Amino acid sequence: MENIVLIGFMGSGKTTIGREIALLGGRFLLDTDGLIEQNMGKSVREIFASVGEKGFRKIESQLILWLSANVKNAVIATGGGMPIYNDVHYLGKVFWLDVGFESIIKRLDSIEKKKRPLFEDMTKAQSLFNERKPIYEKQAQYVIGGSAKPTEIAKKIVSLMNERVI
Ligand code: S3P
């Protein structure tokens, strides 16, 4: 089975929806931030503080290579910047969770914002969001609106995966 790859801005629900997809059965969830944190023994914030964003992006690129060579039957929740700096098609079928900036702000509480160094400044986060939108769109094979419940979105993604063109 080809991997399901979830992309989108910080707070768009990639991990939550990835977990729902995994709960539907047949796939395990791999969260790229989680994998990086586990491997480095540091949080994303600490990695940014020690090696900078550039260092973090290097680790992300190495992880993409490793995942594409070694992982199948998974649902992969990517970090928000991963498809900006890498071609994520190598990983599997790509779904963009297209959620508006206003909804993202409502979803992320202060603790969740603090985990994300690029969310420190709201104005900068908003321009990053605007800059990235066309790149997510370009990388995506499917665009999924984020207003439905996570379980419904998960079912929709799985049904799209199961569609076969005859
Ligand atoms: C980032 C998103 C974060 C994390 C890091 C950088 C980004 O992941 O990888 O803070 O550049 O958008 P989430 O999308 O899971 O928040």
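Is Phe129 buried or exposed, and at what relative accessibility? With a relative accessibility of 8%, Phe129 counts as buried, where buried means under 20% relative accessible area, exposed over 50%, and partly exposed in between (1.4 Å probe, protein chains only).

## Basis of the model

The model described here is predicted: local features need pLDDT of at least 70, side-chain atom pairs count only at pLDDT 80 or more, and totals for chains, interfaces and linings use all residues. Residues are numbered from 1 along each chain as its sequence is written, and side-chain values use heavy atoms, with hydrogens and water left out.

## Overall architecture

The protein chain contains eight helices and five strands. These elements are DSSP runs numbered from the N terminus, helices being H or I of at least four residues and strands being E of at least two. Read from the N terminus, their order is β-α-β-α-α-β-α-β-α-α-α-β-α. The protein chain has a radius of gyration of 15 Å, close to the 15 Å that the globule rule gives for 166 residues, so it is as compact as a globular protein of that length. The radius is taken over C-alpha atoms, and the rule is 2.2 Å times the number of residues to the power 0.38. Along the principal axes, the C-alpha atoms of the protein chain fill a box of roughly 50 × 35 × 25 Å.

Of the 166 residues, 43% count as buried. The protein chain exposes about 9,300 Å², and carbon and sulfur atoms supply 54% of this area; accessible areas come from the Shrake-Rupley method with a 1.4 Å probe, and for residues only the protein chains shown count as cover. Contact means heavy atoms within 4.5 Å. Among contacts between residues at least 6 apart in sequence, 76% join residues at least 24 apart.

The protein chain carries 24 positive and 19 negative charges, whose mean positions are 2 Å apart. Lys and Arg count as positive and Asp and Glu as negative, while His and the chain ends are not counted. The place of a charge is taken as NZ of Lys, CZ of Arg, CG of Asp or CD of Glu.

## Strand pairing

Two strands pair if DSSP finds at least two bridges between them. Strand 3 (residues 74–77) pairs in the parallel sense with strand 1 (residues 4–7) over three bridges, and also in the parallel sense with strand 2 (residues 28–31) over four bridges.

Ile4 has Val75 as its bridge partner in strand 3 and Lys93 as its bridge partner in strand 4. For Leu30, the bridge partner in strand 3 is Ile76, and for Leu97 the bridge partner in strand 5 is Ile144.

Both faces of strand 3 are covered: Ala74 and Ile76 on one side are buried, as are Val75 and Ala77 on the other. Asn73 lies in the loop between helix 3 (44–70) and strand 3. Although not a glycine, Asn73 has a positive phi of about 60°, and at 30% relative accessibility it counts as partly exposed.

## Selected residues in the helices and loops

Phe129 is placed in helix 7 (residues 122–139). Leaving aside neighbours within four places in sequence, Phe129 is in contact with Phe9, Val99, Gly100, Phe101 and Ile104. Leu160, in helix 8, counts as buried at 10% relative accessibility. Not counting residues up to four places away in sequence, Leu160 touches Phe95, Tyr142 and Ile144.

Two loop residues are exposed. Lys149, in the loop between strand 5 and helix 8 (150–162), has a relative accessible area of 60% and is exposed. Glu120, in the loop between helix 6 (110–114) and helix 7, is likewise exposed, with a relative accessible area of 59%.

| Residue pair | Separation in sequence | C-alpha to C-alpha distance |
|---|---|---|
| Phe129 and Gly8 | 121 residues | 9.6 Å |
| Lys149 and Ile17 | 132 residues | 9.1 Å |
| Glu120 and Gly81 | 39 residues | 15 Å |
| Leu160 and Gly80 | 80 residues | 22 Å |
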